[in-house]
Amino acid sequence: MVIQADDANTSYVMVGHTAGTTLSGSVGARAGLKLNGGETLVVALGSFAKIFLKAAVSGQYVNVAYFN
């Protein structure tokens with residue numbers, strides 16, 4: 001699975017493995033990986049249900065490609 005934060009995003013998106021994926025607090029308190037606009041993450045997972053996304057502000061998008 002390839003997850004890309006859209007390059008038109010004005011803020012970041014957090015990608016995590018639980019519903020507890022969070023943006024709040026200091027950098028050390030965040031849960032997940034931070035993707036700024038245009039950045040890409042490649043992960044090997046068998047299910048979309050194992051990925052949680054949370055945007056810092058509304059109107060942020062991600063592009064996803066899934067290869068089976």
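Me: What share of the contacts in the protein between residues at least 6 apart in sequence join residues at least 24 apart?
Reply: The share is 69%. A contact here means heavy atoms within 4.5 Å. The model is a predicted one.

Me: What makes up the secondary structure of the protein?
Reply: Zero helices and six strands. Along the sequence the pattern reads β-β-β-β-β-β.

Me: Why are β1 and β4 called paired?
Reply: Pairing needs at least two bridges. Strand β1 (residues 2-5) and β4 have three bridges, in the antiparallel sense, so they pair. V2 stands opposite V42 in β4.

Me: What is the order of strands in the open sheet of three?
Reply: The order is β4-β1-β6, with antiparallel pairing. β4 (40-42) and β6 (62-65) are the edge strands, because each pairs on one side only. From one strand to the next, the twist averages 15 degrees.

Me: Why does the charged end of K34 count as sitting over the ring of Y12?
Reply: The distance limit is 6 Å from the ring centre, and the direction must lie within 35 degrees of the ring normal. The charged end of K34 is 4.4 Å from the centre of the Y12 ring and sits over that ring.

Me: Which residues form the largest nonpolar core?
Reply: Seven residues: M1, I3, A5, V15, L35, L41 and I51. Membership requires a buried residue, joined through side-chain atoms within 4.5 Å. I3 touches V15, L35, L41 and I51, among others. Of the 68 residues of the protein, 26% count as buried.

Key:
Residues numbered from 1 in each chain as written. Predicted model: local features only at pLDDT ≥ 70, side-chain atom pairs only at ≥ 80, totals over all residues. Heavy atoms only, no water. Helix = DSSP H or I, 4+ residues; strand = E, 2+ residues; numbered from the N terminus. Axes fitted to C-alpha atoms, helices over the stretch in contact; angles between N-to-C directions. Buried < 20%, exposed > 50% of the residue type's maximum accessible area, 1.4 Å probe, protein only. Lists of a residue's contacts leave out its neighbours within four places in sequence.
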